[in-house]
Amino acid sequence: MTGDIYKVNHGRNCFTDDEWQIFLNYKVIVVAGFYEETRLKEMKFGDYFCLNHGNINGGQGFQLIGRIVDVDAVKCPVKNGWWQRSYEPVIKPKLGKEFYTGASKKKWTPSGLGGHGEGTIFQVPKNEESDFEKIILIPHFGITLSQLF
């Protein structure tokens, strides 16, 4: 396997519906804040992420698995003070609109706990990638890690 895997959670109250649609259409993930910006800049070309948009009523749940296709974060032209990365979509959830309802509250799950931005972007530790496969990839996207990479 090559590349790292991240969770990126766009909260349902962070963007207007129009902004959300712009970001999806232009295939960019967008974050604000020191910790989120730092993590966004740590992502490398070729890294994968699971994009989630709010994991409760009013949100859209899992959106896609994407792969970073630029070399660095840039300032977002749509939202002042925000940063963005470009991606290519890899796969959408197998059932369309899906929410994470699992019991695991790891920082990389959509309902993961954390502070200092860990709820927005969090890398899946290498020793937990098999858990990511069992909890996220197989049930929600119908693929394995070997199929992803």
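Reader: In which sense do S1 and strand S7 pair, and over how many bridges?

Author: This is a predicted model. In it, strand S7 (residues 121-123) pairs with S1 in the antiparallel sense, over 3 bridges. Within S7, Phe122 is the bridge partner of Lys7.

Reader: In which sense do S1 and strand S3 pair?

Author: S1 and strand S3 (residues 48-53) pair in the parallel sense, and 6 bridges join them. Val8 stands opposite Leu51 in S3.

Reader: How should I read the two faces of a strand such as S1, and are they covered or open?

Author: In a regular strand, side chains alternate between the two faces of the sheet. In S1, Ile5, Lys7 and Asn9 lie on one side, while Tyr6, Val8 and His10 lie on the other, and all are buried. Strand S1 (residues 5-10) is thus counted as mostly covered, with 6 of its 6 residues buried.

Reader: Let us turn to backbone angles. Which value does phi of Lys27 take?

Author: Phi of Lys27 is near 55°, which is a positive value in a residue other than glycine. Lys27 is found in the loop between helix H1 (17-26) and strand S2 (28-32). Its relative accessible area is 34%, so Lys27 is partly exposed.

Reader: How many aromatic pairs does the structure hold?

Author: The structure holds 5 aromatic pairs. One of them joins Phe34 and Tyr35: the ring centres are 5.4 Å apart and the planes stand at 80°, so the pair is edge-to-face. The cut-off for that class is over 60 degrees between the planes.

Reader: Are the two residues of that pair buried or exposed?

Author: Phe34 is exposed, since its relative accessible area is 60%. Tyr35 is partly exposed, because its value is 40%. A further aromatic pair, Phe62 and Phe141, is edge-to-face, with 5.6 Å centre to centre and 75° between the planes. This pair links distant parts of the chain: Phe62 belongs to strand S4 (residues 61-68) and Phe141 to helix H3 (residues 129-141), 79 residues apart. Both Phe62 and Phe141 are buried.

Reader: Rings may also be read together with charges. Over which ring does the charged end of Lys41 sit?

Author: The charged end of Lys41 sits over the ring of Trp83, at 4.0 Å from its centre. In another case, Arg67 lies over the face of Phe45, 5.3 Å from the ring centre.

Note on methods. Residues numbered from 1 in each chain as written. Predicted model: local features only at pLDDT ≥ 70, side-chain atom pairs only at ≥ 80, totals over all residues. Heavy atoms only, no water. Buried < 20%, exposed > 50% of the residue type's maximum accessible area, 1.4 Å probe, protein only. Helix = DSSP H or I, 4+ residues; strand = E, 2+ residues; numbered from the N terminus. Pairing = 2+ DSSP bridges. Phe/Tyr/Trp six-rings, centres within 6.5 Å; stacked < 30°, edge-to-face > 60°. Lys NZ or Arg CZ within 6 Å of the ring centre and 35° of its normal.
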